[in-house]
Amino acid sequence: MADFAMQVSELPLLGAAKAGSTGRSLWRRWNRLSRLQRNIITIVLGITIFCVVFLIFNDHSSNTLQSSTSESSAGQRLEAAPAEAPAAAGPRQGGVEVRRVIGRPAAPGQHHGGANIEHRLEETLDGAGNKVQRVNKLVHLHHVDKIGEDLGDDDPSGVRNPPDPDRDPEPEQDPGPDPDSGPAQPEPLIPPRAKRAPVQFPGPTNVRQRAVVSAFQHAWTAYTNYAWGHDHLKPISQTAHDWFGLGLTLIDSLDTMYIMDLKKEFAEARDWVADHLSLDVSDYVNVFETTIRVLGGLLSAHHLSQDDVFLKKAVDLGDRLLPAFNTPSGIPYSDVNLHTLKARGPAWNPDSSTAEVATLQLEFNQLSHVSGDRRYSDRAMAVSNHISGLPKKEGLVPIYISTKDGQFRQYSVVTMGARGDSYYEYLIKQYAQLGLPLAHLRNDFNASVQGIQHLLVKKSKPGDLTFLAELMSGGKNIKPKMDHLACFLPGTLALSVRLGLPPSYMKLAEELMYTCYLTYSRQATGLAPEITYFNMNPDSTTDFYVKPLDAHSLLRPETLESLWYLYHLTGNRTYQDWGWNIFQAFEKYARVPTGGYTSIGDVRNPDNLNPRDSMESFFLGETLKYLYLLFSDDQSSLNLNDYVFNTEAHPLPVLRRPPAPPPRAPLAAAPPVAAGAGHDYI
């Protein structure tokens, strides 16, 4: 027991010894720390102690201040809120006076409206049983989307008014940007969509127009019988041919039927688009061709009819085409798979065609306009602006551009024909569509015309016919070759004069128009070949000739397109007569008796036409449409103040009119064209 008692009595001493040992151990550890480590620990401890003391003192001060205020003001009325923010007296609610501090309203989408503070004066009893007034401060943090939401509208006095359904049946509108917040935002490039009524057309009004409508119905009936829903008709074999599997002929023809007032045919095609057109095609399609034919056709049909069936399909297609722009440079790939949404360049060339990537803008701008989605226009206009900033040869561009670095292939061909043509066409047409914001593209077109005049315009021998040559090897050599595709230029030049460019461009337009017509009239069939070569040797006896491989005719529209522009802008009926001659050649040599029209293999020999058994979609979508418009007695129905035609002849609305140039005298027509009264010429 004695031993046990001793051990128990020594326990506190043992505990003390242990505590002392622990303290000495901590001190030794502290001394082992470096000076930097000790400083860091000291700073952290100091900050922690300061924060704790500050919080305790602040809470104590607030309670003391509230208590002393309420006790010292017993029996007195508080006349103003604390000095945190101005307040105004308000009505009593249930014996309590409500005052509201007005803070700046929150922007839509913010989580709360800032200092939404109420000061309430309430009567209560102090510790001695006396009545006193106490200030209760309520801070509201809540979602505020519009001024007045949840808390009612604020009047200038600062009084909080509860919502009144009779007085305010609907929330107030967003008041817009604060006038003191900075300069106004610039007008968006694409104007918002406005409500429109369907466009009305009277149908054919003269013999020539009725003949064109009859030709369309002859072709359309064969298409519906043998190729309904397919891309192309093979009229001789009475079968179908698919290129993309998107019903190209049907969609290309929608606005043609609408303009010709073929209501029954249009309604049947509309129902096919609604019920059977599938854009989920598991194959690669050409972005350019799909845009100008299918997207352009859908957008034009939507604008004219205001039927949202076409808009829905156009938006779906636009979304499927956008992946083509996902390249290192933003220059789109040539092909996209509409099912997998993967894009690529062609196997034979890693680059894209300049004309193809620069001929998407009218359609994508219109799609953004009607859908309200800027993505389409943003991607397409980025391409235009990028190309605008690239170095060029007197405004002229090579026909290939890299998707990797966005630079031209400098040693590729410069031409107004294939792979170059519509780049120049869309420069001036983008300006026609959207006006002054794209004035730099009009300037680019102006520079290109000057380059065309200096480098490409040549004269044949012996007749001094004006034609457009090609630059080869980066401009080192001239090739006196002119594609039928280049015959778009006379019409585009005439349009540019209307939009304020030099009147001398009209003279060039008329000279080129005459040459393009002669490529028809000097052939035995009255039809033009795909490519024409011109003689520049002074000893030549003929101005041009055709090589066997270039002698075919696809019944292209470019010459008829330019004839319509020149007639529309000058009123010269000679252009109508030239168009009528071409139409009669179609009827004589390309018409298939059992239905449809066929491309022919050799325009030089009426006895051996070598028909190709193919009717391109653009024959109905462009060729017959331009003939119908060319023969119209009323040129105001699709006038150039209100419409811009895409390169597939689909009329789209002008979204912002360019300023009209000052009036000037009508231009004299080039021989052998007789001058006439203009319809739409400025």
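At what angle do the axes of helix H16 and helix H18 cross, and within what distance do they come? In this predicted model, H16 covers residues 558-570 and H18 covers residues 617-630. Their axes cross at roughly 20 degrees and come within 9 Å. Angles under 35 degrees count as roughly parallel, so H16 is roughly parallel to H18. The crossing in which H16 passes H18 is left-handed.

The residues that make this contact can be found on both helices. H16 contributes Leu560, Glu561, Leu563, Trp564 and Tyr567. From H18 come Thr623, Tyr626, Leu627, Leu629 and Leu630. Sorted by class, the contact of H16 with H18 consists of 8 nonpolar residues, 1 polar residue and 1 charged residue.

H18 also packs with helix H17, which spans residues 574-590. Here the angle is about 140 degrees and the axes lie 9 Å apart. Angles over 145 degrees would count as roughly antiparallel, so H17, at about 140 degrees, is classed as oblique to H18. H17 passes H18 in a left-handed crossing.

On the H17 side, the contact is made by Tyr575, Gln576, Gly579, Phe583 and Phe586. On the H18 side, Phe619, Thr623, Leu624, Leu627 and Leu630 take part. The contact of H17 with H18 has 7 nonpolar and 3 polar residues, and no charged ones.

Definitions and conventions: Residues are numbered from 1 along each chain as its sequence is written. This is a predicted model: local features need pLDDT of at least 70, side-chain atom pairs count only at pLDDT 80 or more; totals for chains, interfaces and linings use all residues. Side-chain values use heavy atoms; hydrogens and water are left out. Axes are lines fitted to C-alpha atoms, for helices over the stretch in contact, and angles run from 0 to 180 degrees between N-to-C directions. Helices (H or I, at least four residues) and strands (E, at least two) are DSSP runs, numbered from the N terminus. Angles under 35 degrees count as roughly parallel, over 145 as roughly antiparallel, 65 to 115 as roughly perpendicular and the rest as oblique. A crossing is left-handed if the near helix is turned anticlockwise from the far one by less than a right angle, and right-handed if clockwise. Contact means heavy atoms within 4.5 Å. Ala, Val, Leu, Ile, Met, Phe, Trp, Tyr, Cys and Pro count as nonpolar, Asp, Glu, Lys and Arg as charged, and the others, Gly among them, as polar.
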